[in-house]
Amino acid sequence: MNARDAFGTAPDSFKARIASTLETIEEEKTMKRISLRVALCAAAVLLLLAGVVYAAANDWKLFDFYKQRYGMELSGEAQTALKQSEVNQTVEVGDLVFTVREAIADGRYLYITGTARHKTPDTAYLMDMMTGPADWMVVNGDYSPENKRSYKTAAIEDGRRLYSVEMNATAIGHEDVGGMGDAVMAADGSVSIMMGSEIATDDETLQVSIRCFSTEWVRDGDTFAPGERSEKTVDLTVPVTQGDKRTIEVDKMMPGTAAQIDRIELSLTPLACYYAIHYTIVENEDKLLTAHSRHVLWMEFADMTGAILPIGASLGGTIESDDDAHYVASGSVTLGAYPDKLILRPGDGWGGGPDDLLVLDIPAK
């Protein structure tokens, strides 16, 4: 199965919004940084989540987010690594109890999972870091319109208190870099939280401080305003599982484009394959640089039989350049098995055909 087809076809209005967003990105002369992967992967996730209802969303860990939330299978190696990264430390933050469940570092990202619940769950509703009182309350991923109420409506009608919950992490000696976050509310009122922060390191361990926040919202008639914020910290020493690094020297033209692929650097960890594609624009430079989308390259990973691995496609990622000719497209993909081949194909902006492929062997372990 082609991973690009896994999410179906986006409506024209949706495509138009993404295109509009990309067109507004400011292009700097000395450094171009185009977060195509962020926008398009977020779009794919939104399409994937439509209509999904989870059997239960209690005490999710990273494996649950990947499998149930995003439909991604993790390899046995990844699942073993996750089991070894269980923390299960609990801390009380005001009227709430937070449990830090996992902390895993792979030399590129730090992943944290945890759960927040009220001491008396039938007296309060919890909102995650991405929602507010006016947002719809979604339980177990149920987006059915007939089941929707806003948090403030539910709190007023049910006579409950309203809280916001949040977790974030910092590593000593490393810059606080933003990343990704997700959360899901279970039927018992608890909220499972997952976050990932970009922390690149060659160290064997990270000294990590995980901050757990609780904010109670104060009701005034039919409105709510944020009140006092409580905070507690959990300090951990997190082992780092470094990636298996490979370099593929290419020096070949990408069919259907004006780009020469110079080399590809891979770092394979239990949770992801991080990539950096180094390429050079060799002709029609002025035309190609008029649209960010012209730099997009589809990536697909295949096993030794040539079968495409599930969720093995990504879009160019973050693209950087300091001279308008040499570029690096970097990002990551999550794979359920170790890949043997890397397949590149041009994105729509290049104008290439469906048979314009560059198939490369990945060096064995």
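The following legends describe close-up views of a predicted model.

Local features are reported at pLDDT of at least 70, side-chain atom pairs count only at pLDDT 80 or more, and totals for chains, interfaces and linings use all residues of this predicted model. Residues are numbered from 1 along each chain as its sequence is written, and side-chain values use heavy atoms, with hydrogens and water left out.

**View 1. An open, mixed sheet of 4 strands.** The strands follow the order β5-β6-β9-β10, with mixed pairing. Strands (E, at least two residues) and helices (H or I, at least four residues) are DSSP runs numbered from the N terminus, and two strands pair if DSSP finds at least two bridges between them. Both β5 (124-127) and β10 (223-239) are edge strands with a single partner strand, so one side of each has no neighbour in the sheet. From one strand to the next, the twist averages 25 degrees; axes are lines fitted to C-alpha atoms, for helices over the stretch in contact, and angles run from 0 to 180 degrees between N-to-C directions.

**View 2. The β6–β9 pair and helix α5.** Strand β6 (residues 161-171) is joined to strand β9 (residues 205-220) in the antiparallel sense over 10 bridges. Within this view, Glu166 stands opposite Phe213 of β9. Helix α5 (residues 151-158) packs on the sheet and touches β5, β6, β9 and β10, contact meaning heavy atoms within 4.5 Å. The direction of α5 makes about 170 degrees with that of β5.

View 3. Thr215 belongs to strand β9 and counts as buried at 11% relative accessibility. Buried denotes under 20% relative accessible area, exposed over 50%, and partly exposed in between (1.4 Å probe, protein chains only). Leaving aside residues up to four places away in sequence, Thr215 touches Leu162, Tyr163, Ser164, Pro226, Gly227, Glu228 and Arg229.

**View 4. Gly132 in the loop between β5 and α5.** Gly132 is located in this loop and, at 14% relative accessibility, counts as buried. Residues up to four places away in sequence excluded, Gly132 touches Met127 and Tyr151. A separation of 10.0 Å lies between the C-alpha atoms of Gly132 and Ala225, which are 93 residues apart along the chain.

View 5. Asn88, although not a glycine, has a positive phi of about 55 degrees. Asn88 lies in strand β2 (residues 86-93) and counts as partly exposed at 38% relative accessibility. Asp251, a residue other than glycine, has a positive phi near 50 degrees. Asp251 is placed in strand β11 (residues 244-253) and, at 53% relative accessibility, counts as exposed.
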